[in-house]
Amino acid sequence: MSARAGVNVETLQAASLQKPDTILRSLSVLVIHGPNLNLLGQREPGIYGSISLAEINRLLEAEALKLQAKVTFIQSNHEGILVDAIHEALEQHQGILINAGAYTHTSVALRDAIAAVNLPTVEVHLSNIYRREGFRHNSYIAPVAIGQISGFGVQSYLLGLQALVGHLRS
Ligand code: DQA
């Protein structure tokens, strides 16, 4: 994973490993991790588990390989960087998988960015946001997402990727 100010980016080209006769339409998905998710593994493990963000990304890479898709990761603690990443996705990706972290519950800017680019987007959360504090029950992302998966730990991400790729191929 390479790093520059406030942003971590990593890419895996999974589709290149396919035999010619089994290549499906090449799909690229941007995986967006919002604030504080860089601390997964040490952050409130009773809620978020002990898995690190790097491990989540590895599991997503393996899932993408099975799905014959390409995944690119970004994590940032800064709202504007996430808005920029969503804008830039328009040129490079066919869909977005997003855990916006706390910005889920506060960010009209992220919601508007997703609506503006109009890329199919799946929202995921490690924890079940509806079993937690009331302020987590509202998602600004959900109305502009094709669906939301919440409460299954890392499986939320894997299920979300499966659903997004299935949607894009349907
Ligand atoms: C979270 C839930 C949010 O309420 C919280 O602010 C997070 C993580 C989750 O994955 O469960 O940072 O998005």
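## Overall architecture

Helices (H or I, at least four residues) and strands (E, at least two) are DSSP runs, numbered from the N terminus. On that basis the protein chain holds five helices and seven strands, and from the N terminus on its elements follow the order β-β-β-α-α-β-α-β-α-β-β-α. This is a predicted model, in which local features need pLDDT of at least 70 and side-chain atom pairs count only at pLDDT 80 or more, while totals for chains, interfaces and linings use all residues. Residues are numbered from 1 along each chain as its sequence is written.

## Strands E3 and E4

Strand E3 (residues 27-33) pairs with E4 in the parallel sense over seven bridges, where pairing requires that DSSP finds at least two bridges between two strands. Within this pairing, His-33 stands opposite Gln-75 in E4.

A residue is buried if 20 or more other C-beta atoms, placed from the backbone, lie within 10 Å of its own. Six of the seven residues of strand E4 (residues 69-75) are buried, so E4 is largely enclosed by the rest of the structure; in the protein chain, buried residues make up 35% of the 170 residues.

## Surroundings of the ligand

The residues around the ligand are Asn-36, Asn-99, Gly-101, Ala-102, Thr-104, His-125, Leu-126, Ser-127, Ile-129 and Arg-136, a residue being near a molecule if its C-beta atom, placed from the backbone, lies within 6 Å of it. By class, this shell has three nonpolar, six polar and one charged residues, with Ala, Val, Leu, Ile, Met, Phe, Trp, Tyr, Cys and Pro counted as nonpolar, Asp, Glu, Lys and Arg as charged, and the others, Gly among them, as polar.

Key: A residue is buried if 20 or more other C-beta atoms lie within 10 Å of its own, exposed if 12 or fewer, and partly exposed in between; C-beta atoms are placed from the backbone.
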